[in-house]
Amino acid sequence: MRLLGVIAKRFSRNRLSVIGAATVLCLITISLLAPFIAPYDPTTIDVHNVLSPPDKSHPLGTDELGRDVLSRMIWGSRVSLKVGFVAVGIAILIGIIIGAMAGFYGGKADAVLMRFVDIMLAFPTFFLILAVIAILEPSIFTIMMVIGITGWMDVARLVRAEFLTLKERDFVTAARALGANDLRLIFRHMLPNALSPVFVAATFGIAGAILTESGLSFLGLGVQPPNPSWGNILTSGKDNIEVAWWLSVYPGLAILITVLSYNLIGEGLRDALDPRLWDMEI
Amino acid sequence: MALLKVQSLKKHFPVKKAFGETAQWLKAVDGIDFSVDENKVFVLVGESGCGKSTVARLVLRLITPTSGRVLFDGKDIFGLDGDSLKAFRKSVQIVFQDPFASLNPRKTVFDTISEPLKIHRITEKKNMKDACAELLKKVGLGTDIMNRYPHEFSGGQRQRICIARALAVNPKIIVADEPLSALDVSIQAQIINLLQDLRKETKIAFLFISHDLKVVHYFSDTVAVMYLGKILEHAKTEDLFMEPLHPYTILLLSSAPKVKTEAFSVQRSAFSDKKLQTPNSERQPDIGEVPSPIHIPSGCPFHPRCPKRFEPCDKIIPELKEAKGRLISCHLWNPY
């Protein structure tokens, strides 16, 4: 617990990261409260108000079917959030298992698993995702799975590197000499000490996943209309860019701010979790 | 009967060149024999890089030997598995040199000390707190520290926590891999007194590994001097300190810095005794460094540094043979 306090203290010293964290907290609140704070239903078509510019009744204007852009963006934030967290969750899970096995068992297991990582890294991820989604049904579930399954390699490498050094540490040897089995060694002793870089990678990963989702939805392979997502609002923005700037600018800004915020958090976490600086302050 | 018996134990590490081809072997342990009896303290002494820590890891079955055997209670420990391995793990414990690295930084004292109790199902859950308090008392720590983390303690306190963890399984032998060398001198005395007390109370045997002969003088029964993976002299502690025979032992004894007896008055310290003054009070000239264990010198491994080397030393490897009531590996004492 005291450790968490120190980390929080050091994180709070980076002002930009705190701003990032506050922004992300706001976004999470907004997406959780979407049904209550969205002024309109995000899918209700209003043919009398097509492409109306921002005004009092529609603060961010309407799209080509007269749907309220603010409401669509509020609901769309749910997609970003879900995709970010679930996809990264999947990636971390796979990455930890593969990295831990490679680092802990070493030798042939390590060689085989790491070559597999190399192969996965050799694929251009975005096109792999495109290909998979083109075969499968495009849905938010497929997107999350595919982003997760193609994004675990960094985590695996980080966990493996941590495990390689942890394996030689005396407290792990001591636990082994006490008769701890492999599972106890991995999950009780090594993994808790290997997680800091994973948290940092996860934060950056969330930003990446949100970008990927927006890109896929923009191309029409992500969240399917009429369901809103920042990516597919951008698509209608592209079609109407000459007459309705608000359709491109607002979702674009939302993506920019969200991704930036996660990246700022990631940077703050990286400094706060750096174990080399701990001893001085604890 | 000997509790722990080491028979012609060897551990050679491959030194890999590019493309994984094994070019050379690092002979960390090169055929050593010794045994530790119940409730006795056996000290393995030598400079850094002589292979003493490798011996510790072999004896604990943390690494496998190139050849040779380690018998515990008459059974080869490398043939154990399942329940017999678990029983072995319960009987043999280790205390490390660096108390800062040997405790999991993310675990409280309670977690650390209760873990062996959980692994070996020694204590029921509801009695766990009491059992830990008991162990902490045994090593001279308060019971109010259970929920604190390792970084909140000093080196000496951490080493006590490590000892408590080792004691938790009620072992028959504790392997202590330089448990004092990372500590301040005054703390060293405290820890060695603690080990001494534990030995009296619990009848635990110790395999004590050290690079400093003087520190362990009063604590040990038998001493073996190791050099480049081999034992050069193996004698009762009294004999070795009264009359070191091997030139290397003499060098080791004379090279420790001396402190005037009167000026040095740590209470109950094992250092404040006149007997500790080297019999040969002239400091031996030290010739050079320890050679690399990859390129062990021909003949007697110690000959390039030996002040008394003569004709056969660089050609014939001396055997560890009995002379003057001890085992010694030197052409001076054993005719070749």
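A: What follows starts with the helix and then moves on to the sheet, the core and the contact between the chains.

First, some housekeeping: this is a predicted model, where local features need pLDDT of at least 70, side-chain atom pairs count only at pLDDT 80 or more, and totals for chains, interfaces and linings use all residues. Residues are numbered from 1 along each chain as its sequence is written, with chains lettered from A and ligands numbered from 1 in the order in which they are written.

Let's pick helix H4 of chain B, residues 128-138 (helices are DSSP runs of H or I with at least four residues, strands are E runs of at least two, and both are numbered from the N terminus). Its buried residues are Cys132(B), Leu135(B) and Leu136(B) (buried means 20 or more other C-beta atoms within 10 Å of the residue's own, exposed 12 or fewer, partly exposed in between, with C-beta atoms placed from the backbone). These three sit on the same side of H4(B), because they cover an arc of only 100° around the axis (taken from the directions from the helix axis to the C-beta atoms). Turn to the other side of H4(B) and you find Asp130(B) and Lys137(B), both exposed. Among the elements that cover the buried residues of H4(B) are helix H3 (109-119) and helix H5 (155-167) of chain B. After H4(B) comes Gly140(B), with a positive phi near 80°.

Elsewhere in chain B there's an open sheet of four strands, ordered E2-E1-E4-E5 with antiparallel pairing (two strands pair if DSSP finds at least two bridges between them). Strands E2 (22-37) and E5 (75-76) of chain B are the edges, each pairing on one side only. E5(B) joins strand E4 (67-72) of chain B through two bridges, in the antiparallel sense, and Phe72(B) has Lys75(B) of E5(B) as its bridge partner.

Then there's the largest nonpolar core, with 159 residues, where Ile173(B) and Leu207(B) have the most contacts inside it (such a core is a set of buried Ala, Val, Leu, Ile, Met, Phe, Trp, Tyr and Cys residues joined through C-beta atoms within 7 Å). The top contributor to this core is helix H4 of chain A (69-105), with 18 residues. Beyond its neighbours within four places in sequence, Ile173(B) is in contact with residues including Leu3(B), Val36(B), Val92(B) and Leu207(B) (contact means C-beta atoms, placed from the backbone, within 7 Å).

Finally, where the chains touch, chain A puts in 15 residues and chain B 22 residues. On the chain A side, H9(A) has the largest share, six residues.

Conventions. Contact = placed C-beta atoms within 7 Å.
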